[in-house]
Amino acid sequence: MNNRTGLRWRLLATVALGVMAASPALAQQDVSQTQMAAASSSDAALDEIVVTATKRETNLQDTPIAISVVNTENLQDRHIQALLDLADGAIPGLRVATFEARQSALTIGIRGIVPLDANQPAREQGVGVYLDGVYLGRQHGLNAAMLDIERVEVLKGPQGTLFGRNTEGGALSLVTKAPSGNFGVRGTAGVGNYGAHNGELHIDLPAIGNLSFKIDGVVQYQRPPTKNPLAGQTGWNYFDRRGAKFAARYQGDNFRADYSFDVGNDKNSPFYSQLLNYNPNNLIVGPASGALPSGQIRPLPPIVKVEGTERQSVAEIGVPQQPSVDKTRGHSLHLNWDVNDNLEIRSISAYRRVTVDQWDNSGGAHRVPQFVSGAAFSRYSLATLKQWQISQEFQAVGKAGDNFDYVAGLFYFKERVQDDAATPNTNQWNADGTGYTILDPTLTLPGRRVIDRASVAYAKSYAAFAQGTYTFADDWHLTAGARYTHDDKNGKLFMINNTATNLTFESSNDRVDPMVTLAYDVTEDVNVYGKFSTGYRSGGASSRSLTYRPFGPEKVNSYEVGAKTELLDRRVRFNMAAYMMDRTGSQIDFSVVAGVIPGSTRNTVETVNAPGTTKIRGLELEGTFKLTDDLTANASYAYTYTKIPPTVNPFNNVAQPVFIVFTPKNAASAGLDYARPYDSFTFKAHLDGNYADATQTFDQTDVKNDKSFIMNARLSIADIDVGRGAFASFSLWSRNLLNETHVYRRDPANRATLGDYGNLNAPRTFGAEVSVNF
């Protein structure tokens with residue numbers, strides 16, 4: 001971005017802030033007397049936020065857990081369409097990134113619990129992701145289009161007692177809107193740059209007796225910001241997401257049943273892998289063919305560009321690439337029976353599956369193999385994954401007397417996952433690197449691929465849990481609970497380097513996760529707490545390993561103190577949490593990329609448990625401020641310190657420093673929201689800014705990505721009465737308003753043979769939307 005363009009957008013941001021600040025005076029004369037009379041001190045107070053972190057609906061401020069909530073309006077303001085959009089830093093303690101460069105699988109972390117490679121059948125996530133209370137077992141398919149989300153709850157810190165396995169960092173809970181039984185239609189249509197268009201339709205049908213129904217449909221599309229010059233082939237950072245959901249509710253006097261079926265189809269392509277530098281070690285440039293003397297590097301072909309951090313709009317080399325396709329399907333049945341005023345019995349039954357066909361040719365000549373005269377290049381990472389899972393949970397939620405609340409339950413989870421992968425090269429150099437040809441594309445098709453690896457894994461988990469809160473002396477609350485979990489896992493790596501194998505692993509673990517919290521109501525609006533909790537992430541085996549090397553579980557103990565406050569007649573809400581986490585058995589990934597099979601380039605990964613104790617320390621601050629009746633500000637900050645003991649690299653048997661990935665030491669977010677009612681519409685404006693320090697993106701190297709600062713904005717004319725009970729709104733939005741560019745993933749593995757390559761964040765996007773509700 002040139003200086004003039006950058007200045008223009010910074011001025012626009014400044015003007016937008018000025019308009020938001022000045023609008024109260026500009027609009028004062030246009031507000032009707034009726035609207036002014038309707039205003040009261042309660043209107044100026046911040047809205048209450050309801051969460052379900054304790055398996056019951058509670059006020060956020062009365063819940064002694066560090067929680068951040070993103071509601072429907074927040075999602076709209078930031079134009080968040082899928083979970084990857086939360087990578088902008090809206091919640092500083094939550095980190096979201098692509099796995100490798102791919103949108104087809106996401107890496108999600110909280111409080112320094114960020115697995116690098118959970119993209120395998122026998123690997124697990126460190127943060128549990130839930131959809132309406134149903135655990136999603138894979139990181140694949142998580143970037144599907146959001147379907148009428150009511151709120152996103154981010155529970156920080158181990159949630160081992162109520163949520164169980166693989167929640168050592170926390171839990172991310174997606175809560176959708178249920179059928180209301182009242183007729184209503186909400187529709188949205190929008191367009192944007194890069195040929196983008198989006199549409200949503202939500203239909204609430206009127207109740208028929210005790211039955212009510214709801215139908216949701218979503219479409220999201222964007223052309224690739226980086227074009228592929230090979231005719232008919234897909235560029236990079238493209239997506240075409242489709243989603244639909246059917247929900248039905250039966251509501252009796254003391255019994256409710258909710259059934260839902262959701263389906264998603266997500267076509268996408270990876271972010272482009274740019275060459276950031278060439279020969280950063282200043283080696284002697286050797287010959288383009290023949291033996292390469294030690295300490296030398298192959299020359300850079302004349303047609304290969306080193307763009308650094310200047311985002312490429314068109315790749316210099318065309319490669320075969322078709323969209324990856326992620327398909328998700330899910331059924332769930334929630335049953336709620338109010339036995340009496342003091343006891344509710346719940347059942348959550350679910351079946352889900354996800355399939356992924358991965359086509360990732362993101363590197364071209366920017367990744368290994370390096371240039372050799374007449375040799376093949378451009379590693380095409382191809383994979384298929386098929387997973388199904390069933391889960392069943394029973395809960396008893398109740399109270400005994402006026403001072404004791406409890407929840408107890410049973411949980412069962414079963415999963416089968418199978419995958420295979422191949423990495424053929426698709427292009428071939430001419431003699432001097434001034435041109436190339438495309439190799440036989442049929443060799444990339446299923447059935448003709450040379451398979452690097454293929455495996456299958458099975459998991460079963462059984463759990464029983466209980467938690468109770470006792471209130472004494474009116475303002476003290478003691479919560480204690482525990483969860484017992486039994487995990488059985490086994491798997492088979494049945495093909496390596498296109499040769500049949502019979503490598504297996506099997507593990508069985510028992511685990512008890514206790515939790516104790518002591519909370520005190522200093523005043524009605526000020527609450528403090530201290531908490532001890534535990535969590536764990538299951539062990540497994542690396543299917544990228546040549547030996548199917550197993551590794552053990554991670555375990556974490558967490559010590560936390562926090563405060564939740566509302567001040568100045570609920571015009572100020574300020575929450576804080578400070579924590580210390582000690583983790584043993586940290587799962588560390590070491591990788592080597594090399595040609596093993598002729599014509600392909602294999603990524604071999606060995607996962608080991610780090611020795612000793614990994615230390616994670618942090619502070620989180622979050623505030624919301626009602627500055628005027630029309631203007632609200634929010635700010636949040638997360639500090640995270642991490643330290644893992646040196647760990648032996650299994651490829652060279654040397655102990656080396658290792659790191660936690662995608663965890664900036666400092667991260668912050670701030671925003672302004674302005675809403676002013678006029679006689680016939682409401683003017684709304686939103687502006688936010690999000691900062692994160694640079695951080696490591698690989699366990700085994702200290703090389704960091706870039707620090708980042710992302711701004712988003714939205715202007716709306718809302719609540720326009722268009723007659724017959726219908727209301728419309730018109731909005732202009734922009735993500736990455738200043739078109740800031742940073743490398744979010746940097747790989748130094750090829751420094752001695754080529755140079756660093758990296759993936760840049762998404763460019764500025766903008767558009768317009770029209771919504772109608774009736």
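1. Strands here are DSSP runs of E with at least two residues, numbered from the N terminus, and two of them pair if DSSP finds at least two bridges between them. The model is predicted, so local features need pLDDT of at least 70 and side-chain atom pairs count only at pLDDT 80 or more, while totals for chains, interfaces and linings use all residues. Residues are numbered from 1 along each chain as its sequence is written.

2. An open sheet of 5 strands has the order 3-8-9-6-7, with mixed pairing. Its edges are strand 3 (67-71) and strand 7 (134-135); each has a single partner strand, so one side of each lacks a neighbour in the sheet.

3. Within this sheet, strand 8 (residues 149-156) and strand 9 (residues 170-176) run antiparallel and are joined by 7 bridges. K156 stands opposite G170 of strand 9.

4. The whole structure holds 10 cavities of 30 Å³ or more. A cavity is a set of points, on a 1 Å grid over the protein atoms alone, where a 1.4 Å probe fits but cannot get out; lining residues have an atom within 4 Å of a point.

5. Strand 9 is one of the strands that supply at least two lining residues each; strand 18 gives the most, 5 residues.

Terms used
Side-chain values use heavy atoms; hydrogens and water are left out. Helices (H or I, at least four residues) and strands (E, at least two) are DSSP runs, numbered from the N terminus. On a 1 Å grid over the protein atoms alone, a cavity is a set of points where a 1.4 Å probe fits but cannot get out, and a pocket is an open set with protein on both sides within 12 Å along at least five of seven lines; lining residues have an atom within 4 Å of a point. Grid points are joined across faces, edges and corners, and a volume is the space filled by probe spheres set on the points.
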